[in-house]
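Student: I have a model on the screen and would like to know what stands behind the words used for it. Can we take the terms one by one?

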Amino acid sequence: MRMHLSQQSRALKSGEVIVRFLVRMIVLLAFASVAGIGFTAGLAMLLWMSTLLSAAIASFKRERPLADVLNHWDEAAAYITLCCLVESIGGAAA
């Protein structure tokens with residue numbers, strides 16, 4: 001039997017994912033700013049590692065990739081998108 005989440009609990013769960021994403025991005029930006037390999041390369045590497053971590057957690061928790069609430073798969077998609085954007089900007093600047 002499958003439980004249906006109420007509208008309020010869906011919004012709460014999605015809000016938690018957004019806050020978790022923003023906090024992790026602040027941490028990633030802080031670590032990338034002191035990376036010895038440069039900000040752009042450091043940020044790209046950290047975003048790639050965050051993508052792998054989010055995908056691993058989503059697999060471990062058996063979350064659905066196209067669920068009706070935000071989850072670790074959505075975070076992984078956001079991290080890989082930002083990673084590609086950073087790589088393309090970094091490659092164009094070099």
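Tutor: Start with the surface. This is a predicted model, and the protein exposes about 6500 Å², with carbon and sulfur atoms supplying 71% of that area.

Student: What makes the protein α-α-α along the sequence?

Tutor: The protein has three helices and zero strands. A helix here is a DSSP run of H or I with at least four residues, so reading along the sequence gives the pattern α-α-α.

Student: Where does N71 lie?

Tutor: N71 lies in the loop between α2 (39-61) and α3 (72-93).

Student: Why is N71 called buried?

Tutor: Its relative accessible area is 3%. Buried means under 20%, so N71 counts as buried.

Student: Which residues is N71 in contact with, leaving aside its neighbours within four places in sequence?

Tutor: N71 is in contact with V17, R20, E63 and R64.

Student: How much of the protein counts as buried?

Tutor: Of the 94 residues, 27% count as buried.

Student: What share of the contacts with a separation of 6 or more comes from residues 24 or more positions apart?

Tutor: Such residues account for 58% of those contacts.

Student: How many side chains are positive and how many negative?

Tutor: There are 8 positive and 6 negative side chains, and the centres of the two sets lie 8 Å apart. Lys and Arg count as positive, Asp and Glu as negative, and His is not counted.

Key. Residues numbered from 1 in each chain as written. Predicted model: local features only at pLDDT ≥ 70, side-chain atom pairs only at ≥ 80, totals over all residues. Heavy atoms only, no water. Helix = DSSP H or I, 4+ residues; strand = E, 2+ residues; numbered from the N terminus. Buried < 20%, exposed > 50% of the residue type's maximum accessible area, 1.4 Å probe, protein only. Contact = heavy atoms within 4.5 Å. Areas by Shrake-Rupley, 256 points an atom, 1.4 Å probe, with all protein chains shown as cover. Charge placed at Lys NZ, Arg CZ, Asp CG, Glu CD.
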